[in-house]
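Take a look at the chain below. Turn it around a few times before reading on.

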Amino acid sequence: MTFNKNDARGVKQPYNDPLVVMLTIEGFNTKRVLVDNGNSADIIYFPAFQQLKLDPGRLRPFDSPLVSFSGDRVYPKGIVMLAVTVGTYPRQLTRQIDFLVVDCPSSYNVIIGRPALNKWKASTSTYCLKVKFPTENGVGEVRGDQILARECYQAVFAAKENHTWTIEEKEEEKTKALETVELIEGDATKTTRIGTTMSLETRTKIIQFLRENLDVFAWSHDDMPGISPEIIQHRLNVDPGRKPIKQRRRTFAPERDQAVTDEVSKLLAAGFIREVYYPDLLANVVLVKKANEKWRMYMDFTDLNKACPKDSFPLPRIDQLVDSTAGHKLLTFMDAFSGVQPDKNG
């Protein structure tokens, strides 16, 4: 299937009109059908569903919401399978298409998205305002209605409608493609998750590789002893002309105060921090609630940032890490998933 200059004949230039066509749905000629490759679902709006005099009993439940680019959510009234004919005889196709029935204002009757286009094995050209698809009698086509497209676009623009939707996956469906594996057999506290769609051979190799490199995982503060200064170290570039600043002490609610105490105790026990005595330079902690309702603790380095001139502190290149054990493990880990084996030069 190809598009050439002849396919663009009759199209008024210049333009940026959407591709709006007419299809035969359940035996009725249906206009104002938007062809949108960005849609992950085929949609029929409820007024059009009623005008086609379709039996509401044909609706099947559909409980996942549709989400637009602006974040708006709409719950469909259901899903229905309809016979759709595209093209003209003898080069036409009739396919059963699942449509989500959406009850919200729209200048369009129907939106054809990727599922229907894939069923038709169709190609679209917004420049030619045309859809082409293979049939038993050759390549069929349907041309867009440019005048109607402009009317719809003006109405959409005036009403600020959303017409590009994606189906929001449920949390359980997002995690369904992952499985939990124990990196130490019999120890349920040391686990990670890998994909379930890979082959058995790949799965076995990945699990073996992860178990051979257990030392790169950290399940608690005690598992992160730090990095040797021989590999990398960072120094604060503090302006010596700046005077130390002691921030005023902030008070916390009991819940936050307990969270700070618990976090400081963990860091002290792991040797990440130590107690010092210089009250001329003090900064408060800041608590931010995480998605799991626990608290994450940060330091308020506002004054320290002002005292440090902006610089581009260079990180070491990967090839400079090769001589170190940690650097070689990093390269091995990266190359294991890229299919490339590191040589002695990195």
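Predicted model: local features only at pLDDT ≥ 70, side-chain atom pairs only at ≥ 80, totals over all residues.

Residues are numbered from 1 along each chain as its sequence is written, and side-chain values use heavy atoms, with hydrogens and water left out.

Start with the whole chain. Its secondary structure comes to eight helices and 16 strands. Helices (H or I, at least four residues) and strands (E, at least two) are DSSP runs, numbered from the N terminus. The chain has 346 residues, and 30% of them count as buried. Buried means under 20% relative accessible area, exposed means over 50%, and partly exposed lies in between (1.4 Å probe, protein chains only). Now consider contacts, meaning heavy atoms within 4.5 Å. Among contacts in the chain with a separation of 6 or more, 62% come from residues 24 or more positions apart.

Next, the sheets. Strands of a sheet pair through backbone hydrogen bonds, either parallel or antiparallel. Here, two strands pair if DSSP finds at least two bridges between them. Which strands form the edges?

E9 is joined to strand E10 (residues 130–135) by three bridges, and the two run antiparallel. Thr 124 stands opposite Val 131 in E10. Ser 123 has Lys 132 of E10 as its bridge partner. E9 and E10 form a hairpin, with four residues between them. In that turn, Leu 129 has a positive phi of about 50°.

Now cross to the other side. E10 and E11 pair over six bridges, again in the antiparallel sense. They also form a hairpin, this time with two residues between them. Lys 130 has Arg 143 of E11 as its bridge partner. Is E10 enclosed or open to the outside? Five of its six residues are buried, so E10 is largely enclosed by the rest of the structure.

Stay on E11 and find Glu 141, which lies in this strand. Glu 141 counts as partly exposed because its relative accessibility is 38%. It touches Asp 7, Gly 87, Lys 130, Val 131, Lys 132 and Phe 133, not counting residues up to four places away in sequence. With Lys 130 there is also a polar contact, side chain to side chain, at 3.4 Å. A polar contact is a pair of N or O atoms within 3.5 Å; within protein, one must be able to donate a hydrogen and the other to accept it, and residues adjacent in sequence count only if both atoms are side-chain atoms. Thr 124 is 17 residues from Glu 141 in sequence, and their C-alpha atoms are 9.6 Å apart.

A second open sheet of three strands has the order E5-E4-E12, with antiparallel pairing. Its edge strands are strand E5 (73–74) and strand E12 (165–167), each pairing on one side only. Two bridges join strand E4 (residues 66–68) to E5. Leu 66 has Val 74 of E5 as its bridge partner.

Turn to another strand. Thr 85 lies in strand E6 (residues 78–88). At 16% relative accessibility, Thr 85 counts as buried. Its side chain makes a polar contact with the side chain of Thr 94 at 2.9 Å. Leaving out residues up to four places away in sequence, Thr 85 touches Leu 23, Thr 24, Gln 92, Leu 93 and Thr 94.

Finish with a helix. Helix H5 (residues 200–212) has 13 residues and reaches 18 Å from its first C-alpha to its last, close to the 18 Å expected at 1.5 Å a residue. The expected span is 1.5 Å times one less than the number of residues. Which residues of H5 are buried? They are Ile 206, Ile 207, Phe 209 and Leu 210. Seen down the axis of H5, these buried residues fall within an arc of 160°, so they line one face of the helix. The arc is that of the directions from the helix axis to the C-beta atoms. The face turned away from the buried side carries the exposed residues Leu 200, Glu 201, Lys 205 and Glu 212.
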